[in-house]
Amino acid sequence: MKNIVRIIFIALVLTSCEKVVELKYKGNQSRIIIEGNITNEAGPYFVRITKSISLPDTGTYPAIDNAIVTISDDAGYNEILTPQQNGMYRTNALIGEEGRTYTLTVQVENEVYTAQSTMPQHVTFDSIKVEQVLFAGDTERNLIPVYKDPITKGNNYRFVLSVNNKLINQHLVLNDEVRNGNVNILKLEINDDDLKLKRGDELSIKMQCIDKKVALFYTTLALMADNGPGGGTAPNNPPSNISNGALGIFSAHTVDMKSVMIP
Amino acid sequence: MHKKTLIINFVLLFSTTLLLAQSKFTVSGTVKQKSSGETLIGASVAVVEKINVGVVTNEYGFYSLSLPKGKYTLRISYIGYKQELIPVSLESNVTVSINLANETSMQEVVISTKKDNDNLTKATMGTEVLNMQMAAKLPVVFGEKDLVKTIQLMPGVKSNGEGSNGFSVRGGATDQNLILLDEAPVYNASHMLGIFSTFNSDAIKDATIIKGNSPAQFGGRLSSVLDVKMKEGNNKNYKVSGGLGLISSRLTVEGPIQKEKSSFIISGRRTYADIFARLSSDLKDIKLYFYDLNVKANLAINDKNKIFFSGYFGKDVLSVSSIFGSKWGNATGTLRWNSVLSSKLFSNTSFIYSNYDFNVGFKSGGSETNFNSHIKDLNLKQDFTLYANANNTVRFGFNVIHHTITPTKAVGTDIVSNKESRKGLENAVYVSNSWKASDKINLDYGIRFSFYNVLGGDAYNIYKDNQLIHTIHLEKGKIGETYSNWEPRLSVNYRVSNNASIKIGYARNTQNLHLMSNSTGGSPTDQWIGNSYNIKPEVADQVSAGFSKNLNDNAFELNTEAYYKTMQHQIDYRDGADINTVPDIESELLFGKGRSYGLEILLKKKKGTLTGWVGYTISKTERKINGINNGQWYNAKQDRTHDLSIVGIYTLSSKWTLSGTFIYTTGNAVSFPTGKYVLNDMVIYQYANRNADRMPATHRLDVSATYDRPSKGKLHSSWSFGLYNVYGRRNPYSITFKENKSDPKKIDAVQTSLFQWVPSVSYNFNF
């Protein structure tokens with residue numbers, strides 16, 4: 001959508017302008033943030049519990065170290081995680097397996113939060129294809145993750161992009177809704193306002209096969225970031241798989257990583 | 001039980017008013033413009049000898065008056081034209097057709113085509129008629145005169161954003177406006193994502209907006225009717241007119257087919273910004289243009305029968321070399337047959353075709369993806385006007401529309417899509433009466449019965465709390481779920497004194513087609529969807545009350561109106577719904593209700609060298625939808641507290657006209673983040689209540705000057721110069737939040753603004 005707006009502006013010989021404005025923010029209610037990951041790689045796996053802070057606040061995020069965190073799976077395994085400082089909790093013996101459903105329970109400040117996530121079957125990440133296109137005089141680089149989507153429908157993928165070892169704060173997701181069971185040819189929808197890829201950049205992409213609820217969480221974040229004409233989707237807290245009003249996400253996913261240098 | 005009593009009351013009311021008719025004679029005919037033969041809509045035909053007896057011409061310039069045998073004088077008047085007095089001797093039914101001449105000495109710009117004190121005598125509420133000559137003098141961005149932009153300057157009508165042709169009427173959504181071009185519904189009335197409207201003003205005769213209290217012959221949308229009528233063409237002489245602007249050029253040819261009887265008009269417009277863009281080597285692979293073509297012809301079969309054909313074709317094209325291409329457009333065709341069945345009964349039959357198409361395609365790495373959607377209508381309308389007697393004008397008729405709606409569907413390499421077109425039948429029958437109860441009281445009342453049939457040919461899923469619970473396979477040709485609604489309409493005008501009146505009104509409107517939109521701007525990716533097993537007709541009930549007063553011999557006109565509107569079965573979609581790729585969009589929908597209330601004040605100065613108006617609206621619009629904002633009421637995004645517009649047109653001399661518009665509006669209701677947190681090393685914003693924040697206010701002054709060159713022989717020409725956003729205010733278009741580059745712990749709010757100081761020049765001619 002942004003590109004369309006850009007073409008119209010170019011064609012009308014116009015420029016839009018941006019400036020930083022001061023806004024009055026409503027008071028923020030500090031909420032519990034839970035981040036949990038279980039992967040098909042070797043453990044330990046971590047759960048992190050923090051609190052949100054108000055938007056203008058430039059301080060640190062309060063960590064919660066006195067929670068009781070347990071993870072169980074659908075094969076009857078159950079363990080209590082070990083607190084590590086800085087809100088981190090570590091698993092001891094848990095082994096992440098494809099197809100298994102994990103349940104996270106967090107007890108903190110007299111509240112109990114639970115979440116469930118199922119690790120999908122692993123899909124092999126074959127390569128990163130870098131496609132160059134000339135777009136209105138600029139060379140743009142599209143990144144196409146190459147992988148073969150399985151025949152069963154309902155696969156969701158999340159991609160975590162780093163450029164020159166710097167993590168890019170963008171939410172990139174693909175699914176098999178439109179082209180099920182084929183080799184992927186869709187590019188990652190990268191917002192190039194803040195990210196200009198150039199020759200020689202070292203890229204690395206982590207591909208995660210994620211379950212439906214985790215995908216909904218990241219798709220919502222991605223849609224909110226794409227504000228087309230008129231402001232786009234009304235922003236909101238993305239639908240989380242954690243109960244009882246905590247923010248964050250608990251994700252059991254497979255991991256595969258590829259790197260490439262932009263030619 | 002309730003409904004039955006209501007119907008019986010209506011029938012009684014109609015029969016009593018009709019029985020009052022005595023044996024009288026009828027004078028009827030058509031009112032036309034003398035120089036071109038264009039019919040005049042809304043011209044007043046009054047009887048000098050009888051105070052408070054008179055009618056106005058209908059959409060085809062036709063009038064009919066029944067009076068006791070005798071001698072009368074008809075006074076025919078229309079703003080901007082010389083009044084005519086015509087003696088009539090009524091000893092049998094007579095036909096009197098009238099040609100009105102332009103008032104040549106006019107040194108002022110008429111801002112409304114309504115009769116001087118129409119606002120006091122007519123029961124219609126919330127209605128504004130737009131004069132296209134006036135619209136041509138107002139400043140607009142890029143100098144493209146635009147009736148939709150002019151309508152956005154009226155109280156109660158709000159633009160969706162800078163440069164946008166989408167509008168919201170009394171808290172309604174963009175899709176709740178019925179936009180008609182010669183009776184054909186236009187589904188996307190904008191070009192270039194909303195910067196320009198699809199209405200080429202050279203081909204437009206007049207436009208009326210009715211803010212919710214529409215007469216019973218209109219229906220199908222909740223909030224307003226924007227009724228746009230194309231010119232018929234000059235039936236006396238061939239004429240050519242056109243214009244050259246920064247963005248587009250226009251050319252119109254009109255003339256007689258049979259002299260003084262029938263005529264045609266062809267009007268075209270095309271933009272050429274892309275031709276300039278192609279001169280630059282960077283941009284040579286870009287295609288970007290739109291065009292409009294309006295065609296109309298009418299043929300008089302005899303004195304009593306006339307046939308009209310009108311067509312509109314418009315297309316937007318946008319592509320970048322071979323990697324991205326997009327095309328969308330409307331095509332409409334209307335075939336109409338006017339028939340004077342008797343001196344008292346006027347009939348119009350319309351057959352209307354309308355098609356809106358959207359296509360966007362992407363190419364990447366040897367594969368292709370196209371998204372298509374379209375909506376196709378076949379529409380039959382039958383409308384009768386019965387001029388029962390001098391005090392009652394009855395309208396009745398029916399309307400059947402067959403919709404074929406193809407939702408956004410992906411096609412291309414490796415894609416298997418199972419989305420099917422859906423069909424629906426939208427029907428309505430109506431009857432209404434305009435009754436002059438006394439010299440002080442006028443009543444318009446009517447009822448519309450609308451019903452919608454879901455038609456077979458597709459599978460319909462039923463969802464409960466967004467979970468699929470049942471699927472209905474409806475066979476082709478079968479009728480599925482049927483929804484029906486009674487829509488009563490009433491407005492009353494009471495004239496409290498010679499120059500003041502009060503009005504009250506109530507109207508119910510329903511809507512069977514709904515727009516699913518990711519944006520507010522009339523984007524081509526918007527998709528329409530009809531009623532189904534989950535989606536029920538939207539219903540709005542509006543009560544309004546108004547006060548009008550005219551001052552200084554009708555030089556000033558003050559109209560105020562307050563309204564309260566409730567809306568049911570409003571639709572939104574849930575978070576994370578990607579409406580273009582989801583297999584069934586109905587699984588993503590949420591339902592709720594809305595309410596809107598406000599006060600509108602409009603003060604017009606209609607006479608003198610300075611004319612114009614001040615419009616002000618204070619209003620509130622809220623929604624309550626299960627699954628959004630914890631089910632609590634929240635501000636709709638189109639909610640704006642204050643809306644002010646000031647429009648002035650100053651006639652400096654016979655050559656120069658100056659004009660200016662100033663607008664001030666409260667910012668749209670939006671949600672700013674209140675907090676932030678870190679998840680997997682990425683900062684994510686925390687939100688609280690939906691739309692609890694405001695964008696900064698928008699205000700802007702635009703000016704323009706028009707120079708009419710003295711005529712050289714038959715050639716008349718004029719130059720228009722404009723400056724948009726005179727003081728270069730950076731009005732907010734969007735606000736995004738980003739990490740500060742030097743201090744990532746700090747979050748910046750970054751505001752994007754569109755137009756700062758846009759100058760324009762255009763040249764117009766006719767001969």
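Visitor: What makes strand 2 (residues 44–47) and strand 5 (residues 70–77) of chain B a pair?
Guide: Two strands pair if DSSP finds at least two bridges between them; strand 2 and strand 5 of chain B share 4 bridges in the antiparallel sense, and therefore count as paired. In strand 5 of chain B, B:Ser77 is the bridge partner of B:Ser44. This is a predicted model, in which local features need pLDDT of at least 70, side-chain atom pairs count only at pLDDT 80 or more, and totals for chains, interfaces and linings use all residues. Residues are numbered from 1 along each chain as its sequence is written, while chains are lettered from A and ligands numbered from 1 in the order in which they are written.

Visitor: What makes strand 3 (54–56) and strand 6 (84–90) of chain B edges?
Guide: The open sheet of chain B has 4 strands in the order 3-2-5-6, with antiparallel pairing. Strand 3 and strand 6 of chain B each have a single partner strand, so one side of each has no neighbour in the sheet.

Visitor: How is it known that strand 9 of chain A pairs with strand 10 (residues 111–118) of chain A?
Guide: These antiparallel strands of chain A are joined by 8 bridges, one of them between A:Val108 and A:Glu111. Their hairpin has 2 residues between the strands, and A:Glu109 takes a positive phi near 45°. Strand 9 (residues 101–108) of chain A also pairs with strand 5 (residues 68–73) of chain A, antiparallel, over 6 bridges.

Visitor: How many helices and strands does chain A have?
Guide: Chain A has 2 helices and 17 strands, where helices (H or I, at least four residues) and strands (E, at least two) are DSSP runs, numbered from the N terminus.

Visitor: How many residues does the largest nonpolar core have?
Guide: The largest nonpolar core has 57 residues, and B:Leu181 is among those with the most contacts inside it. Such a core is a set of buried Ala, Val, Leu, Ile, Met, Phe, Trp, Tyr and Cys residues joined through C-beta atoms within 7 Å; buried means that 20 or more other C-beta atoms lie within 10 Å of a residue's own. Another core, apart from it, has 52 residues, including A:Ile34 and A:Phe159.

Conventions:
A residue is buried if 20 or more other C-beta atoms lie within 10 Å of its own, exposed if 12 or fewer, and partly exposed in between; C-beta atoms are placed from the backbone.
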